[in-house]
Amino acid sequence: EIIGSWHSGSLALLGDAIHVFVDGLSVIVSIIVARRVRKICQNLSRGNKVRAIGGYANAALLGFIAIWILNESWERLFESKRVFTASMIVAAAVGLAINWYQHRIMEGAPEVNGHRHVTHASLDAHILGDLRNSVAVIIAGALIWLTGWLAWDPIASALIALWMVIQMFKLFKASYLQSRIYEI
């Protein structure tokens, strides 16, 4: 998607690619945090604080990137930057196919006591968000192709960034609650 965004000139596709990249970083941060917590598991309060710090870091990263995408969207709304819709749609379709496949894998994840593990559920939520972003990019590319109106690209970019802001607030809230679990 990064190569496709460079080739097509699509900010929406770049926003989707960055969002997928941030999701990957979130998984890496979660693994690091899980290993750190395992080392200090005797102190549950301290372990929850370490988890919360990882959540805050992921939320902050999402927020910074969302602000950058919103700023770029605003600037591109008023300039006529050519977008090559064919490469935009193809790259987004590849991203859509990969995310759909990952979602199908997560649907088949084993259940624990009749419920999906929280890690699987949260990863699947990220995958579904990425899938939705790919659909937004495909729709924006099709609308540009049909209407010739280039503003569809920054509009789709802004929608992707706004979704990232919503995720950021949810992650901040979850991190705050995680840090408070054993303080009461």
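**View 1. Gln-167 sits in helix α6, which covers residues 152-180.** Helices here are DSSP runs of H or I with at least four residues, strands are runs of E with at least two, and both are numbered from the N terminus. A quick note before going on: this is a predicted model, where local features need pLDDT of at least 70, side-chain atom pairs count only at pLDDT 80 or more, and totals for chains, interfaces and linings use all residues. Residues are numbered from 1 along each chain as its sequence is written, and side-chain values use heavy atoms, with hydrogens and water left out. Is Gln-167 buried or exposed? Gln-167 counts as buried because its relative accessibility is 10%; buried means under 20% relative accessible area, exposed means over 50%, and partly exposed is in between (1.4 Å probe, protein chains only). Setting aside residues up to four places away in sequence, Gln-167 touches His-19, Leu-62 and His-126, where contact means heavy atoms within 4.5 Å.

**View 2. Lys-170 is also in helix α6.** Lys-170 has a relative accessible area of 53%, so it is exposed. Pick out Ala-59 as well: Lys-170 and Ala-59 are 111 residues apart in sequence, yet their C-alpha atoms are 8.4 Å apart in space.

**View 3. Seven side chains make a nonpolar surface patch of about 750 Å²: Trp-74, Leu-77, Phe-78, Trp-149, Ile-155, Leu-159 and Leu-162.** Patches are built from residues with over 30% relative accessible area and no salt bridge; like charges are joined within 9 Å, and nonpolar side chains (Val, Leu, Ile, Met, Phe, Trp, Tyr) within 5 Å. The accessible areas come from the Shrake-Rupley method with a 1.4 Å probe, and for residues only the protein chains shown count as cover. Which helix gives the most to the nonpolar patch? That would be α6, with three residues. Helix α3 (44-77) and α6 each supply at least two residues of the patch. Leu-162 is one of the patch members and is found in α6; Leu-162 counts as partly exposed because its relative accessibility is 42%.

**View 4. The structure holds three aromatic pairs, and two of them are shown here.** Rings of Phe, Tyr and Trp (its six-membered ring) pair if their centres lie within 6.5 Å; planes under 30 degrees apart count as stacked, over 60 as edge-to-face and the rest as tilted. The rings of Trp-74 and Phe-78 have centres 4.9 Å apart and planes at 80 degrees, so this pair is edge-to-face. Trp-74 is exposed, with a relative accessible area of 56%, and Phe-78 counts as exposed at 60%. Trp-149 and Trp-152 form another edge-to-face pair, with 5.1 Å from centre to centre and 90 degrees between the planes. Trp-149 counts as partly exposed at 45% relative accessibility, and Trp-152 counts as partly exposed at 26%.

**View 5. Arg-132 lies over the face of Trp-163.** How far is Arg-132 from the ring centre? The distance is 3.6 Å. For a charge to sit over a ring, NZ of Lys or CZ of Arg has to be within 6 Å of the ring centre and within 35 degrees of the ring normal.

**View 6. The structure holds one salt bridge, and Arg-76 forms it with Asp-153.** The link joins distant parts of the chain, with Arg-76 in helix α3 and Asp-153 in helix α6, 77 residues apart. The closest N and O atoms of the pair are 3.8 Å apart; a salt bridge here is a side-chain nitrogen of Lys or Arg within 4 Å of a carboxyl oxygen of Asp or Glu. Arg-76 and Asp-153 are both buried.

**View 7. Leu-13 is found in helix α2, residues 11-39.** Leu-13 counts as buried because its relative accessibility is 0%. Leaving out neighbours within four places in sequence, the contacts of Leu-13 include Glu-1, Gly-4, Ser-87, Met-88, Ala-91 and Val-137. Leu-13 and Val-137 are 124 residues apart along the chain, while their C-alpha atoms are separated by 6.0 Å.

**View 8. Zooming back out, the chain has six helices and two strands.** Along the sequence they follow the pattern α-α-α-α-β-β-α-α. Of the 184 residues in the chain, 38% are buried. Among contacts between residues at least 6 apart in sequence, 81% join residues at least 24 apart. The accessible surface of the chain comes to about 10900 Å², with 70% of that belonging to carbon and sulfur atoms.
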